[in-house]
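Dear colleague,

I am handing over the structure that we spoke about, and below it you will find a description of what turned up in it. Please read the text with the structure open beside you.

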Amino acid sequence: MKPGLLFLEALLFLLGPAAGDLGTPGPSPSSLPLTDFTSNVVSGSGSSSSFGASSFRGSSRGSSSSSSRGQFSNFTGSKDDRGTCLCSVALPDTTFPVERMEHLEITAHILSQKFEKELSKVKEYVQLISVYEKRLSNLTVRVEIMEKDSISYTELDFELIKIEVKEMEKLIIRLKDTFVGSSVIVDQLEVEIRNMTLLVEKLETLDKNNVLSIRREIAVLKNKLKECEASKGENIPVGPPPPAPGTCAHGGVVNISRPVIVQLNWRGFAYKYGAWGRDYSPQNPDKGLYWVAPLNTDGRYLEYYRLYNTLDDLLLYVNAREYRIQYGQGSGTAVYKNNMYINWYSTRNIAKVNLTTNTVAVTQTLPNAAYNNRFSYANVAWQDIDLAVDENGLWVIYSTEASTGNIVISKLNDTTLVVLETWQTKQYKPSVSNAFMVCGVLYATRTLNTRTEEIFYYYDTNTGREGNLHIVMQKMQENVQSINYHPFEQKLFVYNDGYLLNYDLIFGQEPR
């Protein structure tokens with residue numbers, strides 16, 4: 001028997017009485033001749049099957065016939081012109097929906113890709129927002145200082161802060177245009193930046209006529225008047241003016257001004273270690289370039305530095321010449337006569353780098369010097385060898401095993417880096433936070449608290465005398481990474497946890 005006839009017989013058996021109602025009684029299904037059989041798939045309603053036979057009769061098959069009537073209740077029957085019986089039955093959709101499953105998988109894959117893309121954007125925006133929150137916090141600190149401080153700020157100071165605020169405004173606008181989802185943080189940052197802009201403009205307006213500067217000058221004049229009156233009453237002549245720049249006709253450092261915040265270093269707040277200063281040359285004492293040398297975030301490796309012809313260029317981040325070296329270590333950098341002097345990485349050698357060509361001119365071993373964090377300063381790692389410049393030339397401050405960690409001072413030949421003379425002190429170097437040289441005198445600092453240092457010790461290489469001092473030195477951040485002295489300006493250039501600070505030194509009138 002053919003497979004189609006078997007299927008037809010089975011179907012007629014299932015249809016039972018319903019099929020019998022459509023025609024007259026006839027032979028049993030097994031003897032019916034098959035004239036036509038067609039199967040079609042009807043979209044949305046399952047499968048529809050139609051078949052024709054010369055005649056057929058269905059009979060009740062008990063409970064099975066009754067259950068079949070429940071499953072196939074949606075069918076119709078008719079006869080054609082030739083008397084052939086045709087029956088159309090709507091069957092349930094028992095075929096697995098492969099096409100719909102494939103469409104669902106493709107849709108899920110596309111949605112997954114879009115989600116990953118948007119998630120990466122969100123991560124990027126979160127990082128950008130975090131960076132600019134820190135920058136905004138730094139700006140807030142600087143503006144608060146400008147509000148409270150009695151120091152005069154020039155138009156250049158305001159212009160620098162305006163530039164930074166405008167950069168953040170541009171970023172916030174870009175974030176709002178592209179950010180999808182909740183933008184509460186972005187809106188909050190936008191409001192804070194707008195408030196910062198208004199505050200800077202207000203401060204600039206208040207200082208339009210340089211009122212703070214005038215007040216400061218008036219205070220100085222009042223003090224001079226008081227000194228004149230006191231000296232007149234006691235018949236004591238008025239003291240001589242401050243020493244000429246670059247000379248040592250004074251009695252040494254007796255006081256220091258409050259710090260002036262120049263700016264954050266060009267690499268950002270994360271670069272807490274480094275050094276900065278101004279080149280000094282006795283032949284052209286007032287024409288030295290400015291240099292900034294932040295260490296990498298490990299606090300050890302000196303890789304990049306920048307040079308600026310003027311202070312205005314440094315403040316506005318313009319006309320900078322950036323160079324890379326691959327052998328610097330620590331914050332003990334100094335610049336003298338257009339050459340940078342550094343500690344060669346992981347050695348006791350000193351290197352002389354020509355700033356015009358960014359090439360090493362000379363390297364020289366510092367005899368017996370401890371290195372690689374053996375006797376560095378307190379709170380500052382990798383500064384076992386600290387280079388310094390003063391009116392007399394190039395110096396190096398370090399320790400040896402023979403000195404048991406006490407400070408050793410050596411005068412260097414700035415051309416060959418050969419040691420010319422050496423002095424031993426009684427001051428333990430790791431208990432000192434930093435040091436600098438002025439007119440052949442070593443001055444050492446120590447930490448009193450998170451906002452105050454003290455110049456507490458001196459050693460005079462001219463006389464061999466040493467002693468204690470008590471000169472309070474305010475600071476903006478907790479740790480002082482380096483101190484460089486400029487003989488012509490008679491200023492200290494301090495690197496304070498990433499910030500560039502200036503201090504004016506005040507000298508005694510009588511030569512030491």
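**Salt bridges**

D414 and K337 form a salt bridge in which the closest N and O atoms are 3.9 Å apart. This pair links distant parts of the chain, since D414 sits in the loop between β16 (406-412) and β17 (419-428), while K337 sits in the loop between β10 and β11 (339-344), 77 residues apart. D414 counts as buried because its relative accessibility is 18%, and the cut-off for that word is under 20%; K337, with a relative accessible area of 31%, is partly exposed. Please keep in mind that this is a predicted model.

E303 counts as buried at 10% relative accessibility, whereas R324 is partly exposed, with a relative accessible area of 43%.

The other joins E453 to K475, and here the closest N and O atoms are 2.5 Å apart. E453 belongs to strand β20 (residues 452-460) and K475 to the loop between β21 (466-474) and β22, so that the pair, 22 residues apart, links distant parts of the chain. E453 is buried, with a relative accessible area of 1%, and K475 is buried as well, with a value of 4%.

**The protein as a whole**

The protein has eight helices and 24 strands, and of its 512 residues, 45% count as buried. Among the contacts with a separation of 6 or more, 56% are between residues 24 or more positions apart. The accessible surface comes to about 26600 Å², and 53% of that belongs to carbon and sulfur atoms.

**Aromatic pairs**

A search of the whole structure finds nine aromatic pairs. One of these is formed by F269 and Y499, which are edge-to-face, with 6.3 Å from centre to centre and 70° between the planes. The pair links distant parts of the chain, F269 being in the loop between β6 (260-264) and β7 (274-278) and Y499 in strand β24 (residues 499-507), 230 residues apart. F269 is partly exposed, with a relative accessible area of 30%, while Y499 counts as buried at 5% relative accessibility. Another pair is made by F456 and Y457, whose ring centres are 6.3 Å apart and whose planes stand at 45°, so this pair is tilted. Both F456 and Y457 are buried.

A polar atom of the Q481 side chain lies 2.6 Å from the backbone nitrogen of D497. Leaving aside neighbours within four places in sequence, Q481 is in contact with several residues, including K272, Y273, S331, V380, N434 and D497.

I350 is found in strand β12 (residues 349-354) and is buried, with a relative accessible area of 2%. Beyond its neighbours within four places in sequence, I350 has contacts with residues among which are I342, V362, L366, I385, V396 and L417. The C-alpha atoms of I350 and D386, which are 36 residues apart along the chain, are separated by 10.0 Å.

**Towards the surface**

S78, in strand β3 (residues 75-79), counts as partly exposed at 42% relative accessibility. Setting aside neighbours within four places in sequence, S78 is in contact with T84, C85 and L86. From S78 to S88 the distance is 8.9 Å, C-alpha to C-alpha, and the two are ten residues apart in sequence.

Finally, which residues form a nonpolar patch on the surface? F115, L119, V122 and V126 do so, and together they have about 330 Å² of accessible area. F115 lies in helix α4 (residues 98-148) and counts as exposed, because its relative accessibility is 52%, where the cut-off is over 50%.

Definitions and conventions:
Residues numbered from 1 in each chain as written. Predicted model: local features only at pLDDT ≥ 70, side-chain atom pairs only at ≥ 80, totals over all residues. Heavy atoms only, no water. Helix = DSSP H or I, 4+ residues; strand = E, 2+ residues; numbered from the N terminus. Buried < 20%, exposed > 50% of the residue type's maximum accessible area, 1.4 Å probe, protein only. Contact = heavy atoms within 4.5 Å. Areas by Shrake-Rupley, 256 points an atom, 1.4 Å probe, with all protein chains shown as cover. Polar contact = N/O pair within 3.5 Å; in protein donor to acceptor, adjacent residues only side chain to side chain. Patch = residues over 30% accessible without salt bridge, like charges linked within 9 Å, V, L, I, M, F, W, Y side chains within 5 Å. Salt bridge = Lys/Arg side-chain N within 4 Å of Asp/Glu carboxyl O. Phe/Tyr/Trp six-rings, centres within 6.5 Å; stacked < 30°, edge-to-face > 60°.
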